[in-house]
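Keep the account plain, and state the cut-offs behind each term.

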Amino acid sequence: MAKFAEDDRIEQMNAQKRRMKQLEHKKAVEELIRIRREKKEESQKQAIEEREREAQEARIKAQIIEEERQRSEEHTSE
């Protein structure tokens, strides 16, 4: 009987170790997922900011071209 009790105790300890390792693995996987999600969100945010910056530069360039066109028309009409 003592042998069975000892084997049962060892099996319970092994089961507890397995559960702990599974829990650690689950936490590690969740952390990796969280990090990847944050990187993806940051990348998307940067892409949006870049598109906005490019659009602003295009508006400024178009405005400068229009002002130059108007100046050119004023000088040719004089």
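Gln56 is partly exposed, with a relative accessible area of 38%; that class lies between buried, under 20% relative accessible area, and exposed, over 50% (1.4 Å probe, protein chains only). This is a predicted model, in which local features need pLDDT of at least 70 and side-chain atom pairs count only at pLDDT 80 or more, while totals for chains, interfaces and linings use all residues. Residues are numbered from 1 along each chain as its sequence is written, and side-chain values use heavy atoms, with hydrogens and water left out.

Gln56 sits in helix α1. Helices (H or I, at least four residues) and strands (E, at least two) are DSSP runs, numbered from the N terminus. The side chain of Gln56 makes a polar contact of 2.6 Å with that of Arg59. A polar contact is a pair of N or O atoms within 3.5 Å; within protein, one must be able to donate a hydrogen and the other to accept it, and residues adjacent in sequence count only if both atoms are side-chain atoms. Between Gln56 and Ala2, which are 54 residues apart along the chain, the C-alpha separation is 81 Å.

That separation leads to the overall form. The secondary structure of the protein chain consists of 1 helix and 0 strands. Its C-alpha atoms fill a box of roughly 115 × 5 × 5 Å along the principal axes. The radius of gyration is 34 Å, whereas a compact globule of 78 residues would have one near 12 Å; the value is taken over C-alpha atoms, and the globule rule is 2.2 Å times the number of residues to the power 0.38. Of the 78 residues, 1% count as buried. The accessible surface comes to about 7,700 Å², with 54% belonging to carbon and sulfur atoms; areas come from the Shrake-Rupley method with a 1.4 Å probe, and for residues only the protein chains shown count as cover.

Charges come next. The protein chain carries 20 positive and 21 negative side chains, and the centres of the two sets lie 12 Å apart. Lys and Arg count as positive and Asp and Glu as negative, with His and the chain ends not counted; each charge is placed at NZ of Lys, CZ of Arg, CG of Asp or CD of Glu.

A salt bridge is a side-chain nitrogen of Lys or Arg within 4 Å of a carboxyl oxygen of Asp or Glu. By this rule there are 9 salt bridges. One of them joins Glu50 and Arg53, with the closest N and O atoms 2.6 Å apart. Both residues lie in helix α1 (residues 2-77), 3 residues apart, about one turn of the helix. Glu50 is partly exposed at 33% relative accessibility, as is Arg53 at 43%.

Arg69 takes part in two such pairs. With Glu66, the closest N and O atoms are 2.3 Å apart, and the two residues are separated by about one helical turn because they are 3 residues apart in helix α1. With Glu73, the closest N and O atoms are 2.3 Å apart, and this pair is 4 residues apart in helix α1, about one turn. Relative accessible areas are 37% for Arg69, 31% for Glu66 and 43% for Glu73. Elsewhere, Glu31, Arg34 and Glu38 are linked in a network of salt bridges.
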